[in-house]
Amino acid sequence: MPKLNRSDWYDLARDMNWNFKYVTYDRVFPEEIAGDYKVPEKDWYVWDESYKITYREYVHNQYEKDMGVYSVKTALDRSKLFEQLDPGWVSSLKAHYGAMVIPEILSVIGEARMSRFGRAAAWRNMALFGTLDEMRHTQIQLLFAHGLLNKDIQFDWAHKGVHTNEWGIIAARHLCDDMFTAADPIATAIQLTFTLETGFTNVQFLGMAADALNVGDVEFGALISSIQTDESRHAQQGEPTLKILLKQGKDLPQKLIDTMFWRSWRIFALLTGLSMDYYTPLEHRQKSFKEFMEEWIIQQFVAQFRDFGLELPWYWETFLEELEWYHHALHLGVWIWRSTLWWNPDAGVSQAEREWLQSKYPNWEKQFGPYWDTLTENIRNNRLDRTYSETFPVTCNLCQLPIVILPSATEAPKPKKVNYKGRVYNFCCEPCQWIFEQNPERYAGHLSIVDRLLSGHIQPPTLEGALAYMGLTPETCGDDADKYTWAS
């Protein structure tokens with residue numbers, strides 16, 4: 001074989017499907033684990049990924065990537081680059097490491113399940129590389145964050161966050177459980193590799209990599225670019241799986257995509273929206289979060305919907321409307337509740353920054369300006385206690401994020417309520433309510449951070465008790481990244 005061209009043996013080596021003689025097909029792929037989508041066994045054998053790679057090539061490529069990234073890290077460890085970074089950008093790093101290690105390490109489970117229970121040998125082969133990818137992503141981000149511990153203790157949340165019940169961690173873990181930890185391989189391929197990794201991770205990894213290089217954070221830029229090249233490869237599992245599933249009809253694939261597109265939008269509005277529009281230094285912002293979304297989601301990812309004959313999600317107009325305001329409302333709430341975070345949120349509303357926000361979001365000043373005016377006045381008059389909320393926010397029982405509405409709107413949509421088996425569930429919007437009602441048994445019973453407070457899990461039921469429950473200490477609680485100088 002070493003003397004043969006790869007094209008002479010690749011398909012045979014990676015596509016070893018066979019008929020089982022000693023066990024039944026249902027025993028090899030039990031419905032409880034592998035899913036039951038009524039696809040004939042033979043139909044899966046045409047599964048074919050576009051990104052061809054052998055194990056030898058994979059190991060060589062990954063070695064070269066690691067050598068490049070670790071060389072950059074080693075060189076920069078001896079520099080003073082970190083001390084020169086903008087405090088807001090440092091907060092982006094803390095938020096990223098603390099939130100992204102969870103999906104990376106849990107993705108190992110999803111990829112490993114596909115590598116065993118994927119219905120085609122070629123798929124299982126591809127998923128095995130994906131399993132190795134996610135292990136690498138977990139390890140390398142933990143390593144980089146650990147290297148910054150002597151600079152700032154909040155970087156400890158890259159490792160610690162997985163083991164806590166901080167409200168943002170609860171939201172990330174809930175999403176991961178829905179998408180792949182508690183999902184069958186087929187749903188995982190559609191929702192993780194097609195919906196999330198083909199679309200949304202491009203915004204986080206490519207957009208943040210570009211901003212990192214502009215800011216001068218070469219280390220993070222090299223790291224995140226290295227991860228994205230892996231993502232672009234194992235994300236190819238979704239498309240061939242979707243093609244086969246569509247032969248049985250469009251309704252189920254449409255529902256799977258509609259569900260996870262909305263859930264992905266919710267978490268990325270929090271994680272990426274705040275970093276791009278508020279934490280990145282003004283002079284280094286390449287594009288607004290909305291502009292990145294328009295390029296990577298609305299223009300490119302949506303084109304794939306049309307290619308497969310799928311419809312845009314039924315809530316598309318709601319999504320487009322929220323691009324203008326949702327992450328700004330989250331940012332306002334997150335900043336007010338900054339003590340519940342493992343990073344220091346950058347208000348990002350100096351006069352120059354407000355002018356930039358207004359230029360990118362024409363209604364920003366009208367919708368959010370008055371709130372920041374009040375906060376600014378309180379800071380200038382040494383009334384810092386008035387910049388914190390006195391109550392706990394209501395959280396959505398689906399996305400687990402605080403419920404926010406469009407400020408200054410005369411007819412703002414009200415939070416939704418559903419009474420299911422004697423319990424009231426609150427939802428931030430109609431799509432979150434719709435997802436819950438499609439499969440209430442899947443989501444019912446889970447306790448949001450507010451549910452845990454009201455049910456007695458958090459003792460004492462105070463802010464101090466909640467901080468202790470979430471694993472936050474005075475040394476790690478968030479505060480304004482810029483020490484309130486923006487209000488001067």
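**Notebook: pocket, helices, salt bridges, backbone**

I began with the largest pocket, where α15 (326–336), α17 (364–380) and α20 (449–454) each supply at least two residues of the lining. I note here that the model is predicted. Which helix gives the most to this lining? I found that α15 does, with six residues. The pocket lining has 33 residues in total. Nearest the centre I listed Gly333, Ile336, Trp337, Pro393 and Val404. For the space in this pocket I noted about 730 Å³.

**Helix α12**

Next I turned to Trp262, which sits in helix α12 (residues 251–279). Is Trp262 buried or exposed? I have Trp262 down as buried, because its relative accessibility is 0% and the cut-off for buried is under 20%. I then looked up the contacts of Trp262, setting aside neighbours within four places in sequence. The partners are Tyr315, Thr318, Phe319, Glu322, Cys429, Pro431, Cys432 and Ile435.

Arg266 is also placed in helix α12. Its relative accessible area is 1%, so I count Arg266 as buried. Beyond residues up to four places away in sequence, Arg266 touches Glu322, Tyr326, Cys399, Leu401, Cys428 and Cys429. I saw Glu322 and Cys429 in the contact list of Trp262 and again in that of Arg266.

**Salt bridges**

I counted 24 salt bridges. I looked at three of them in detail.

The side chains of Arg233 and Asp133 meet at 2.8 Å, N to O. This pair links distant parts of the chain, 100 residues apart: Arg233 belongs to helix α10 (residues 218–234) and Asp133 to helix α6. Arg233 is buried at 2% relative accessibility. Asp133 is buried too, with a relative accessible area of 0%.

Arg263 and Asp178 form another salt bridge, at 3.0 Å, N to O. Here the link runs from Arg263 in helix α12 to Asp178 in helix α8 (residues 167–181), and the two are 85 residues apart. I noted Arg263 as buried, with a relative accessible area of 3%. Asp178 counts as buried at 6%.

The side chains of Glu365 and Arg354 come together at 2.3 Å, N to O. Glu365 lies in helix α17 and Arg354 in helix α16 (residues 351–360), 11 residues apart. Glu365 is partly exposed, because its 30% lies between the limits of 20% and 50%.

I then followed shared partners. Lys65, Asp66, Asp133, Arg136, Asp230 and Arg233 join into one network of salt bridges.

**Nonpolar patch**

Tyr55, Val59, Leu132 and Met135 make a nonpolar patch of about 360 Å². Which elements give two or more residues to this patch? They are α4 (55–77) and α6 (121–146).

I checked Leu132, which is found in α6. Leu132 is partly exposed, with a relative accessible area of 31%. A patch residue needs over 30%, so Leu132 passes this cut-off at 31%.

For a sense of distance I took Met135 and Trp262, which are 127 residues apart along the chain. Their C-alpha atoms are separated by 27 Å.

**Backbone**

I finished with the backbone. Most residues other than glycine have a negative phi, and most peptide bonds are trans.

Where did I find a cis peptide bond? One runs from Gln459 to Pro460, with omega near -10 degrees. Pro460 is found in the loop between α20 and α21 (463–469).

Gln400 has a positive phi, near 70 degrees, and is not a glycine. It sits in the loop between α17 and β1. With a relative accessible area of 2%, Gln400 is buried.

Tyr484 also shows a positive phi, about 70 degrees, without being a glycine. I located Tyr484 in the segment after α21. Tyr484 is buried, with a relative accessible area of 12%.

Note on methods:
Residues numbered from 1 in each chain as written. Predicted model: local features only at pLDDT ≥ 70, side-chain atom pairs only at ≥ 80, totals over all residues. Heavy atoms only, no water. Patch = residues over 30% accessible without salt bridge, like charges linked within 9 Å, V, L, I, M, F, W, Y side chains within 5 Å. Areas by Shrake-Rupley, 256 points an atom, 1.4 Å probe, with all protein chains shown as cover. Salt bridge = Lys/Arg side-chain N within 4 Å of Asp/Glu carboxyl O. Helix = DSSP H or I, 4+ residues; strand = E, 2+ residues; numbered from the N terminus. Buried < 20%, exposed > 50% of the residue type's maximum accessible area, 1.4 Å probe, protein only. Contact = heavy atoms within 4.5 Å. 1 Å grid on protein atoms, 1.4 Å probe; cavity = no way out; pocket = protein on both sides within 12 Å on 5 of 7 lines; lining within 4 Å. Points joined across faces, edges and corners; volume = space filled by probe spheres on them.
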